[in-house]
Amino acid sequence: MPESPAPPPRPPGEPVRAGGGGPLAAVVPALHGLGRELDGLAIAELLWLAALRRERATAAGDTGVAEGAGSPGAADPRERIGPWRPGRDVYGPSAPGGEALPAREVSVPRAAALPRAREIARALRPLRRAWTAGRSTRLDIGATVAAYARSGELLPAFRPAPERWFDLTVVLDRSPTMAVWEDAGAELVKVLASTGAFRTLRVRETGSWGPGPGTGAGPVPGGLGGTGARSARPRRLVLVFSDCVSGAGGGGGGGGAFWDRLHGWAAATPTVLVNPLPPRIWRHSGLDLPAVRVTPPGAPGARNSALRFTAHTLAQQLYPPPEGLRDAWLPLPVVGLSPRAVSRWARTLMRGDPEGCEAVLVRGPGLPGPAPAPAEPPADAGQLAEAFLHRASTPAVRLAVLCSSYARLHTGLLHVIRQELVPEATAADLAEVVVGGLVFIETPDGAVADGGTADGGPVLSFREGVRERLAPRLGARDALRTREAVSRFIAGHAGAPGGFPALVPDPAGAAGISAAAVPFARASDRTLQGLEAGPRPRLAAPSGQPRPEPPPAVSGRVRAPADDRPYFFLSYAHTPRLGTTGPDVNESVERFFRDLCDEVMALADLPEGAAAGFMDRQIGLGEGWSDRLGHVLATCRVFVPLYSPRYFASETCGKEWFAFAQRSLYERARGVEPVEAIVPALWVLTLPEQMPRVARRVQFDSRPFGEDYTSEGLYALMRLRAFAQEYRQAVHALATRIVEVGESAPLPSRRTVDYLNVPSAFRAATRSEESLRIAVVAPTLRNLPEGRDPRYYGDTPDDWNPYHPESARPLADVATGLAFQLNEQVDVSTLADEVTRVVRGVASSGPLILLVDAWALRVPELRAGLAALDAAREPGTIVLCARHRLDMQVSLYSLESAFPGLTHRSGVALGRAAHGLTTLEAFGAAMPRAVEHAYADYLGQQGDVPPGAPHTPRG
């Protein structure tokens with residue numbers, strides 16, 4: 001094949017033009033616009049992706065990169081984009097200053113600003129409770145018939161018709177920082193209106209929180225209706241949507257007009273504050289108030305003053321109520337934009353859920369609050385970025401990194417990136433990006449927002465130096481994927497009403513694009529026609545005015561970056577104080593915790609700022625205690641329980657033990673043998689018979705701690721001066737053991753544990769002595785159905801491993817380990833033994849859990865055995881059916897048809913998940929519930945045998 005002639009050499013100084021240089025010249029400006037250092041491999045990958053994308057664009061009718069776009073050598077900006085034609089790059093707002101390219105305005109469709117809106121709507125179902133004596137009436141058929149039978153005259157009788165309980169008033173905060181949440185507030189109002197949970201719905205907007213006329217608190221928005229302000233069960237509900245940043249300024253102690261107004265509303269009618277920020281940021285905003293958990297009084301729909309709460313000791317010291325003032329504090333429920341938080345509040349308000357919900361305490365109008373905290377020096381961009389990367393959630397970090405492709409972006413583009421590329425991100429994750437100190441809010445003409453935004457809506461601009469800190473986490477592929485995902489979204493929603501402003505190059509356009517701007521999407525001919533139909537807010541061309549200085553970060557109190565993964569978790573039982581003046585034993589625990597942290601920090605090679613240990617007293621006001629505990633238990637290296645009789649009687653301590661022990665169990669299931677990461681400490685003398693079986697299994701040598709420690713415990717060594725030396729020896733020995741375990745085989749971190757739904761490892765200690773039996777119903781390699789993959793099976797049914805290759809151990813071993821962690825005595829049985837017992841008429845000696853493989857139904861003898869157990873209808877038998885999520889082979893036999901009784905009983909107890917456990921984590925979550933229901937069913941059928949009472953099986 002003859003070689004093609006080489007192109008003539010380019011004269012020196014002549015710019016490279018996309019029109020004559022082919023695909024390579026077209027992609028050079030795009031590489032230059034990324035503004036990052038690229039090695040040879042990265043450039044090769046980008047060239048390959050660009051060529052592939054050009055082929056796809058040509059096949060779709062797109063024109064590729066605009067002719068001459070981005071050529072660095074053009075003198076006239078209009079020549080750089082050439083004559084206008086469809087198929088152009090789409091740009092966001094441009095930074096002021098520099099050369100401007102002519103452009104025209106388009107409207108880009110918006111994405112959902114409120115993630116999980118449907119789940120939030122379902123969480124509001126408790127508010128649909130009916131008020132029986134409504135204002136309207138309806139025909140009472142029963143009374144009408146009774147009157148007709150009695151008098152012979154057909155006269156209709158009426159009765160009050162039930163109606164929705166509340167008239168809802170939504171107050172939307174229009175303070176400057178709330179401009180970012182304007183779309184989320186609008187979608188929240190739509191969700192509230194679509195649920196049908198309220199009799200009426202009114203929306204009020206306010207940017208000024210000054211006191212109302214005639215009262216320091218101001219009237220309740222929308223009026224109080226006919227029930228009056230002091231009705232035992234008011235009919236009006238007030239929902240305030242605010243981030244408590246600019247509107248609540250100066251109200252940190254409850255003395256600001258914002259909190260005065262909310263206190264007045266909460267005193268008259270049920271009031272709730274919806275805050276889009278994550279709970280751990282609340283105390284860095286105007287919501288720096290005492291946090292409590294409120295519980296309902298019993299009657300639904302009670303006003304805030306009737307909610308029950310217990311103020312923290314620290315809160316009582318910081319916020320002392322004046323003498324003689326009974327209503328100095330008023331609880332105000334605070335809800336985040338998550339279905340779980342909304343559900344907790346709704347159940348507390350209408351269903352009397354004893355679990356309660358999170359709230360803050362608001363002081364009455366005019367009462368002085370605590371002294372404001374001293375102002376901290378502003379942190380630079382590097383400190384802000386590093387603190388964000390260590391503190392923020394994984395979705396928030398991912399969202400911030402993807403958005404760092406652009407120096408400035410509209411909040412509408414932020415929602416599109418979240419919806420298309422980080423769908424797991426919640427409203428709290430998005431809030432972390434906005435208020436984490438990485439960006440500041442601008443109006444589209446480049447001015448810093450100080451009282452609102454222009455017609456185009458708020459624009460987020462990265463602070464100087466932040467993008468450079470995020471750049472190592474952003475790959476070139478991610479930057480291209482972001483642009484392509486946004487382009488697909490725009491093409492699929494081009495005709496949607498409403499949108500946010502953007503710019504496309506056009507020589508005849510009146511707007512302008514900065515020469516350094518980077519496009520965030522590309523629109524084809526058909527897409528641009530759809531974008532023309534939307535609103536076109538005015539966008540000013542970049543001016544030569546200097547860029548204003550950014551305001552301080554909203555989060556304000558940014559600490560030095562630190563690793564939030566503690567070395568050890570201290571688990572202890574809270575000891576109640578004797579009376580009001582007795583000593584607080586828990587303070588001794590805190591002193592021991594500090595001493596232990598000092599020793600661990602001295603022995604372990606921990607970086608500066610890393611956490612040596614964690615105890616629950618470190619949970620700050622406003623933080624979700626259950627989420628924080630679940631996160632620490634899933635990430636810490638060593639678990640340190642303080643043994644005492646009170647400890648093993650605490651359900652909370654049992655939950656902490658089980659949540660941590662599960663991590664070791666999962667590692668063993670994957671074929672890893674981690675060392676025992678539970679290092680107990682003897683707080684007070686605890687005899688072996690006072691310990692549950694799960695604690696007696698933990699091996700621990702107390703000889704290095706000294707004889708006095710073994711006979712007295714740490715609490716006695718702390719309290720008595722004569723044992724000061726022994727106390728220091730015991731603390732040093734314990735720290736040495738903790739570091740030895742943590743360094744030898746550290747447990748990997750796992751996903752945050754759902755602490756509230758974790759069972760207690762000590763609960764079964766009070767049960768009767770019937771042993772739990774586990775039997776596996778699965779084929780073996782000898783009777784495996786034809787065509788079935790043999791990788792999941794072995795020589796015996798107990799070798800069945802449905803989660804291969806994720807798990808290296810049989811399912812029976814995993815189930816037995818979970819049962820041991822639940823403090824259960826476990827016996828391994830077989831299907832043949834159970835069938836033989838049933839045929840002989842011998843009653844079950846305890847609850848039974850059957851681990852069933854659906855392919856066992858294709859083996860006649862196994863199917864017949866299951867049918868025999870199903871016909872026996874023995875109490876306490878639960879079925880768990882497991883298979884791997886990647887196992888594409890499906891048995892055609894139905895579980896319901898093979899053993900309908902057992903299947904129905906298990907489905908009622910555990911739901912449909914019992915018949916489709918596709919992951920090891922799902923099985924680990926279902927197994928504790930199966931054990932609990934199996935025991936409850938077995939003991940209930942045996943005549944409600946009291947715990948610990950001897951039991952004689954039937955037979």
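Helix 13 (residues 411–421) and helix 16 (residues 476–492) pack at an angle of about 100 degrees, and their axes lie 10 Å apart. Helices here (H or I, at least four residues) and strands (E, at least two) are DSSP runs, numbered from the N terminus, while axes are lines fitted to C-alpha atoms, for helices over the stretch in contact, with angles that run from 0 to 180 degrees between N-to-C directions. Helix 13 and helix 16 are therefore roughly perpendicular to each other, given that angles under 35 degrees count as roughly parallel, over 145 as roughly antiparallel, 65 to 115 as roughly perpendicular and the rest as oblique. On the side of helix 13, the residues that meet helix 16 are Leu 413, Val 416, Ile 417, Gln 419, Glu 420 and Leu 421, and their partners in helix 16 are Arg 481, Thr 482, Ala 485, Val 486 and Phe 489, where contact means heavy atoms within 4.5 Å. Sorted by class, this contact of helix 13 with helix 16 has seven nonpolar, two polar and two charged residues; Ala, Val, Leu, Ile, Met, Phe, Trp, Tyr, Cys and Pro count as nonpolar, Asp, Glu, Lys and Arg as charged, and the others, Gly among them, as polar.

Before going on, note that this is a predicted model, in which local features need pLDDT of at least 70 and side-chain atom pairs count only at pLDDT 80 or more, whereas totals for chains, interfaces and linings use all residues. Residues are numbered from 1 along each chain as its sequence is written, and side-chain values use heavy atoms, with hydrogens and water left out.

Helix 18 (residues 585–603) and helix 25 (residues 724–744) pack with their axes 9 Å apart and at an angle of about 55 degrees, which makes helix 18 oblique to helix 25. The crossing of helix 18 and helix 25 is right-handed; a crossing is left-handed if the near helix is turned anticlockwise from the far one by less than a right angle, and right-handed if clockwise. Helix 18 contributes Arg 591, Phe 592, Asp 595, Leu 596, Glu 599, Val 600 and Leu 603 to the contact, and helix 25 contributes Tyr 727, Val 731, His 732, Leu 734, Ala 735, Thr 736, Ile 738 and Val 739. By class, the contact of helix 18 with helix 25 has 10 nonpolar, two polar and three charged residues.

How much of the chain is buried? Of the 955 residues in the chain, buried residues make up 50%, where buried means under 20% relative accessible area, exposed over 50%, and partly exposed in between (1.4 Å probe, protein chains only). The chain has 31 helices and 27 strands, and helix 14 (residues 427–435) is a mostly covered one, with eight of its nine residues buried. The buried residues of helix 14 pack against several elements, among them helix 12 (394–403), helix 13 (411–421) and strand 15 (439–442). Just after helix 14, Gly 437 takes a positive phi of about 90 degrees. Helix 12 is largely enclosed by the rest of the structure, because eight of its 10 residues are buried, including Pro 395, Leu 399 and Cys 403.

Thr 271 is found in strand 10 (residues 271–274) and is buried, with a relative accessible area of 2%. Not counting residues up to four places away in sequence, Thr 271 touches Val 238, Trp 265, Ala 266, Asn 304, Leu 332 and Pro 333. Phe 639, in strand 22 (residues 638–643), counts as buried at 0% relative accessibility. Phe 639 and Ala 661 are 22 residues apart in sequence, and their C-alpha atoms are 8.8 Å apart in space.

Finally, turn to the loops. Arg 116, in the loop between strand 2 (100–108) and helix 4 (117–123), has a positive phi of about 60 degrees although it is not a glycine, and Arg 116 is partly exposed, with a relative accessible area of 45%. Arg 873, in the loop between helix 28 (860–872) and strand 27 (877–881), has a positive phi of about 55 degrees and is exposed, with a relative accessible area of 60%.
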